[in-house]
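Q: I have a structure open and would like to go through a few parts of it. Can we start with the words we need?

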Amino acid sequence: MGKSSLELFGLMVEKIDLGVMVLDADMCIRCWNEFLSQRTGKPQAEVIGRHFLRVFPDADKSSFGEMVELAQERGIHVYNHWLQEAPFVRLSGEVGQQPMQSTLFFPFFGQKGEPLFGLIIYDTGTIAKSSAQLESALNALRSNQSEQDQLLRKLEAANSQLLQSEKLAAIGQLAAGVAHEINNPIGFVFSNLKTLSIYVRDLLKMIDAVEDAVELDEIRQLKRQLDYDYIRGDVEALIHESEDGIDRVKRIISALKDFSHIEEEEFRSADLHRGLDTTLNVVNNELKYKAEVIKEYGDLPRVECIPSQINQVVMNLLVNAAHAIEGFGRILIRTGCEQSEVWVEIEDSGKGIEPRLINRIYEPFFTTKPVGKGTGLGLALSYSIVQKHNGRIDVRSEVGVGTCFRVYLPIKQPVESQSQEVSA
Ligand SMILES: Nc1ncnc2c1ncn2[C@@H]1O[C@H](COP(=O)(O)OP(=O)(O)O)[C@@H](O)[C@H]1O
Ligand SMILES: [Mg+2]
């Protein structure tokens, strides 16, 4: 190294914010920079040529000795971190603050080959401070995280409550529809029973007459009088019609039972078409005055799902479709299977969704329907149900033409979500 660069190094060492000293083989101080003078209050002239331990009588002799030995015998750089105070020099004298210092002690040879040692002392207080800041930032983050976790849990609870209340609202809506639907068959079955009871009374009268009649003509006359031929024809019709009526009621009730599965929360393998038909039966009352329903079912394997929840999604989509239709329209229900997933599509010929609103339809409480008609929860809950099933919902819509919602579901649930409980 040329002289001028050595000089530059010298100047730099005088300015640097590190304590830099050179010791000879006897541990006497050979160089001592400005920083050390300032921090220790000992000028260069006072320390040069003196033994290190004389200058720092308080230094921990044994750890100093250890350091020297390591550097001398193994010729290595020895780094020391004193979490509190270096055993020999105090650099930052601020009271009350724990100084943190590190040292680097290393051997080198002078120009004439004489063994020398460099000792660099540096303040790690600032590093400590920033690491403390980092620590507290981390802590803040951690507490933030736990707050967020708590919020998430609350949200989940609220969500499941919403799901519950939407279910209740849906059940209310259904109950009205079902009442209407059952009312008609029950009505005519009841009136048929009344007529039948009159017929039975007349028929019994004729049979009783057989006992008392003297002549066959008397009975024939009674038969004519009571219009036996008419009764005979009508009885069969009445019984047949009543059976039909009771059958309809039975179908509705079994559909309702299928539909609700109130306690069912577990994933199980299910026939989606059966669920679709069941749901159609249940919402039929709401659909039949609004649209012709066309089913185009594909071939579907059994799908691992929570059937009552999927039914609810389908019901929400069907009801929305019916609501979107002004006058009388068409609702298409298609299904299909692609590799590892199945899809169910509900397409309507309704008024469509404006492009500026399409991103909002899954928002809870977003509704374009008048108060009382829409809760704005149907799609939000459908979305969360489908998400819990590891599926997705796509929507295509054109104003004035119609809307098509397509729900994709995996045929098999990924392993970890099978066991996980899904709230409804
Ligand atoms: N098939 C559809 N056709 C047109 N608009 C729809 C359809 N489905 C949903 N929407 C729009 O999305 C909104 C949100 O739907 P939803 O979450 O079911 O709530 P709600 O039916 O109670 O309004 C509806 O108000 C409507 O504007
Ligand atoms: Mg809705």
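Predicted model: local features only at pLDDT ≥ 70, side-chain atom pairs only at ≥ 80, totals over all residues.

Q: Ok, so is Leu134 buried or exposed?
A: Leu134 has a relative accessible area of 56%, so it is exposed.

Q: Where does Leu134 sit?
A: Leu134 belongs to helix H6, which covers residues 125-212.

Q: Which residues make the nonpolar surface patch there?
A: The patch is made by Leu134, Leu138 and Leu141, and its area is about 290 Å². On helices in general, an α-helix has 3.6 residues a turn, so residues three or four places apart point the same way.

Q: Changing topic. Thr335, buried or exposed?
A: Thr335 is buried, because its relative accessibility is 4%. Thr335 is part of strand S9, residues 329-338.

Q: What does Thr335 touch?
A: Leaving aside residues up to four places away in sequence, Thr335 touches His273, Leu276, Glu296, Tyr297, Gly298, Leu300, Trp343 and Val344.

Q: Which side chain makes a polar contact with Thr335?
A: That of His273, and the contact is 2.9 Å.

Q: Now the ligand. Which residues come nearest to ligand 1?
A: There are 19 residues around ligand 1, and the nearest are Thr367, Thr368, Lys369, Thr375 and Gly376.

Q: What about polar atoms?
A: Lys369 has a polar side-chain atom 2.6 Å from an oxygen atom of ligand 1. Gly378 has a backbone N or O atom 3.4 Å from an oxygen atom of the ligand. In the side chain of Thr403, an N or O atom is 3.4 Å from a nitrogen atom of ligand 1.

Q: How much of ligand 1 does the protein cover?
A: On its own, ligand 1 has 530 Å² of accessible area, and the protein covers 94% of that.

Q: Which elements give two or more residues to the shell around ligand 1?
A: Helix H10 (307-324), helix H11 (378-388) and strand S12 (402-410) do. H10 gives the largest share, 3 residues.

Q: And H11, how many of its residues are buried?
A: In H11, 8 of the 11 residues are buried, so this helix is largely enclosed by the rest of the structure. The buried ones are Gly378, Leu379, Ala380, Leu381, Ser382, Ser384, Ile385 and Val386.

Q: Last one: which residue with a positive phi follows H11?
A: Asn390, with a phi near 60°.

Notes: Residues numbered from 1 in each chain as written. Chains lettered and ligands numbered in written order. Heavy atoms only, no water. Patch = residues over 30% accessible without salt bridge, like charges linked within 9 Å, V, L, I, M, F, W, Y side chains within 5 Å. Areas by Shrake-Rupley, 256 points an atom, 1.4 Å probe, with all protein chains shown as cover. Salt bridge = Lys/Arg side-chain N within 4 Å of Asp/Glu carboxyl O. Helix = DSSP H or I, 4+ residues; strand = E, 2+ residues; numbered from the N terminus. Buried < 20%, exposed > 50% of the residue type's maximum accessible area, 1.4 Å probe, protein only. Polar contact = N/O pair within 3.5 Å; in protein donor to acceptor, adjacent residues only side chain to side chain. Contact = heavy atoms within 4.5 Å. Near = heavy atom within 4 Å.
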